[in-house]
Amino acid sequence: MITKIEHIGIAVKNIDSSNELFKKLFGKAHYKIEQVESEGVSTSFFMLGETKVELLEATNENSAIAKFIEKRGEGIHHIAYAVDNLETEIERLKKEGFDLINQVPKNGADNKRICFLHPKTTNGVLVELCEDRKSN
Ligand code: ZN
């Protein structure tokens, strides 16, 4: 089940200057910065009540964020929905005809397991499903 909007991902060219900008906008600073090597991104997170804003900067030119900015410029990159059970949601959404970018959940930033739905089946909006990673 999709339970809420977990975060909104925004592609930025320079995460340091954007952290300053969003600090002014929100009146508070980001609570974490995290590199996700596998995705070629540096991320920062701002907490806004139940929801977060994630800023993403490419750390190499092959990163999906670098390609996104090259094609479309800075801006909203994805919307992430929290799910209570990632495997169950993946199966359900596959049956409903959505295309998955990764068939198998992978580890994302902020201690999540994630899966992306292709924007061609979601009205042009990249959808991230995320589930809290269980610590064991
Ligand atoms: Zn995200």
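Reader: Before we look at any residue, what counts as a strand here?

Author: A strand is a DSSP run of E with at least two residues, and the runs are numbered from the N terminus. Keep in mind that the model is a predicted one.

Reader: Which strands pair with S1, and in what sense?

Author: S1, residues 2–11, pairs with S5, residues 75–83, in the antiparallel sense over eight bridges. One of the partners to look for is glycine 75 in S5, across from alanine 11. S1 also pairs with S4, residues 51–58, and here the sense is parallel, with five bridges. In that pairing, isoleucine 8 has valine 53 of S4 as its bridge partner.

Reader: Is histidine 7 buried or exposed?

Author: The idea is to compare the relative accessible area with a cut-off: under 20% means buried. Histidine 7 has 3%, so this residue is buried. Leaving aside neighbours within four places in sequence, its contacts include Phe45, Thr51, Ile79 and Cys130. Its side chain also makes polar contacts, one of 2.7 Å with the side chain of glutamate 6 and one of 3.0 Å with that of glutamate 54.

Reader: Which residues are the protein donors of the zinc ion?

Author: They are His7 and His78, each through NE2, and Glu54 and Glu128, each through OE, at 2.1 to 2.2 Å from the ion. Along the sequence, their spacing reads H-x46-E-x23-H-x49-E. Histidine 78 counts as buried because its relative accessibility is 1%, and glutamate 128 counts as buried at 5%.

Reader: How should I read the angles at the zinc ion?

Author: Start from the ideal: four tetrahedral donors would have angles of 109.5 degrees. In this model the angles among the four donor atoms run from 81 to 168°, and the site is irregular.

Reader: Which residues of helix H3 are buried, and what covers them?

Author: In H3, residues 86–95, the buried ones are Leu86, Glu89, Ile90 and Leu93. They lie on the same side of H3, because they cover an arc of only 100° around the axis. Their cover includes S1, S5, S7 and S8.

Reader: What do we find at the ends of H3?

Author: At the N-terminal end, asparagine 85 is the cap, with a side-chain oxygen 3.2 Å from the backbone nitrogen of glutamate 87. Just after H3, glycine 97 has a positive phi of about 95°.

Key: Residues numbered from 1 in each chain as written. Predicted model: local features only at pLDDT ≥ 70, side-chain atom pairs only at ≥ 80, totals over all residues. Heavy atoms only, no water. Pairing = 2+ DSSP bridges. Helix = DSSP H or I, 4+ residues; strand = E, 2+ residues; numbered from the N terminus. Donors = N, O, S within 2.8 Å, 3.2 Å for Na, K, Ca; no water. Tetrahedral: all angles 85-135°; square planar, octahedral: opposite > 155°, others 65-115°. Buried < 20%, exposed > 50% of the residue type's maximum accessible area, 1.4 Å probe, protein only. Arc of directions from axis to C-beta. Contact = heavy atoms within 4.5 Å. Polar contact = N/O pair within 3.5 Å; in protein donor to acceptor, adjacent residues only side chain to side chain.
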